[in-house]
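User: Could you walk me through a few backbone and strand details here? I'd enjoy seeing how each one is reached.

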Amino acid sequence: QVQLVESGGGLVQAGGSLRLSCAASGVAFSINTMGWYRQAPGKQRELVASITSGGSPNCADSVKGRFTISRDNAKNAVYLQMNSLKPEDTAVYYCNAAGVSIRGNSYESWGQGTQVTVSS
């Protein structure tokens, strides 16, 4: 079972920056894709950015050029650098990890979420 703990959320003015961190712990054979999702009030959870174990990133169009995802495989950690934040980026941000357990089964884990609020 892989546990994910996020940190780095908070309140920031529009145009500001925040950096989210997520650390994975527990036992797993592998952690393949790690990523960030967000859910705003009244909206569905959506993918913000993901990154493979090989370092290939994928970002939603709405955040391209503003957000950067990175990963430290040695630390089982993933980061989201968010620049030029907009009020519409306000949401709860969730860390996600998917891979293969030591038993050979696929798994997907979620963090508890961290609030990001961007004021206008």
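This is a predicted model: local features need pLDDT of at least 70, side-chain atom pairs count only at pLDDT 80 or more; totals for chains, interfaces and linings use all residues.

User: Is N76 buried, exposed or partly exposed?

Analyst: Residues are numbered from 1 along each chain as its sequence is written, and side-chain values use heavy atoms, with hydrogens and water left out. Buried means under 20% relative accessible area and exposed over 50%, with partly exposed in between (1.4 Å probe, protein chains only). Because the relative accessibility of N76 is 35%, N76 counts as partly exposed.

User: Where is N76 found?

Analyst: Strands are DSSP runs of E with at least two residues, numbered from the N terminus. N76 has a positive phi near 50° and is not a glycine. Most residues other than glycine have a negative phi. The place to look for N76 is the loop between β7 (67-72) and β8.

User: And what is the relative accessible area of S84?

Analyst: S84 lies in the loop between β8 and β9 (91-100), and its phi is positive, near 50°. S84 counts as partly exposed, with a relative accessible area of 40%.

User: Which residue in β8 stands opposite L20?

Analyst: Two strands pair if DSSP finds at least two bridges between them. β3 and β8 (residues 77-82) pair in the antiparallel sense over 6 bridges. Opposite L20 stands L80.

User: What is the bridge partner of V2 in β3?

Analyst: Strand β1 (residues 2-7) pairs with β3 (residues 18-26) in the antiparallel sense, over 6 bridges. In β3, V2 has as its bridge partner G26.

Terms used. Helices (H or I, at least four residues) and strands (E, at least two) are DSSP runs, numbered from the N terminus.
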